[in-house]
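Student: I have a new model open and want to learn how to read it. Can we go through it step by step?

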Amino acid sequence: QVQLVASGGGAVQAGGSLRLSCAATFSTFSSYTMGWFRQTPGKERAFVAGINWDGGRTYYADFVRGRFTISRDNAKNTVDLLMNSLEPEDTAIYYCAADRSGTGAFDTWGQGTQVTVSS
């Protein structure tokens, strides 16, 4: 069964840092663009960051640019999101996702991990 398992969420004060990690169970992980999204109650899921298959290109939403860094380790089938200078507005459930179809649409999702930032 194809799975993405996210971990690393938690509670932190504003200005702090967290590192999220997502482990993939499928062996073809290195072929896919990966991404992180986040969602808060009552709002649509929002793109946070993406990384291409070999890590050579990264993409960020404007609201996290310069604060968050996405990276991947294809030998370990993991994709991480390092979040610095966290703000209360970053509070959300964070999901990792894979574009397995290669169409630019993320079609495989993890279960989400909660990040709570207090002021």
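Student: How many helices and how many strands does the chain have?
Tutor: Keep in mind that this is a predicted model. From the N terminus on, the elements run β-β-β-β-β-β-β-β-β-β-β. The count is zero helices and 11 strands.

Student: What radius of gyration does the chain have, and what would a compact globule have?
Tutor: Start with the box: the C-alpha atoms fill roughly 40 × 25 × 25 Å along the principal axes. With 119 residues, a compact globule would have a radius of gyration near 14 Å. The chain agrees with that, at 13 Å.

Student: Which residues have the most contacts inside the largest nonpolar core?
Tutor: Of the chain's 119 residues, 41% count as buried. The largest nonpolar core has 30 residues. Strands that give two or more residues to this core include S3 (18-24), S8 (78-83) and S9 (92-99). The residues with the most contacts inside the core are Trp36, Leu81, Met83 and Tyr94.

Student: Which residues does methionine 83 touch, leaving out those up to four places away in sequence?
Tutor: Methionine 83 is among the core residues with the most contacts. Its partners, with those sequence neighbours left out, are Gly16, Ser17, Leu18, Leu20, Arg67, Phe68, Tyr94 and Val115.

Student: Which residues make up the covered face of S3, and which the uncovered one?
Tutor: In a regular strand, side chains alternate between the two faces of the sheet. Read S3 that way. Its uncovered face has Arg19, Ser21 and Ala23. Its covered face has Leu18, Leu20, Cys22 and Ala24.

Student: How many bridges join S3 to S8?
Tutor: S3 also pairs with S1, antiparallel, over four bridges. There, alanine 6 has cysteine 22 as its bridge partner. Toward S8, arginine 19 stands opposite leucine 82. S3 and S8 run antiparallel, and the number of bridges between them is six.

Student: Is cysteine 96 buried or exposed?
Tutor: Buried means under 20% relative accessible area. Cysteine 22 has 1%, so cysteine 22 is buried. Cysteine 96 has 0%, so cysteine 96 counts as buried.

How values were computed:
Residues are numbered from 1 along each chain as its sequence is written. This is a predicted model: local features need pLDDT of at least 70, side-chain atom pairs count only at pLDDT 80 or more; totals for chains, interfaces and linings use all residues. Side-chain values use heavy atoms; hydrogens and water are left out. A nonpolar core is a set of buried Ala, Val, Leu, Ile, Met, Phe, Trp, Tyr and Cys residues joined through side-chain atoms within 4.5 Å. Buried means under 20% relative accessible area, exposed over 50%, partly exposed in between (1.4 Å probe, protein chains only). Contact means heavy atoms within 4.5 Å. Two strands pair if DSSP finds at least two bridges between them. The radius of gyration is taken over C-alpha atoms; the globule rule is 2.2 Å times the number of residues to the power 0.38.
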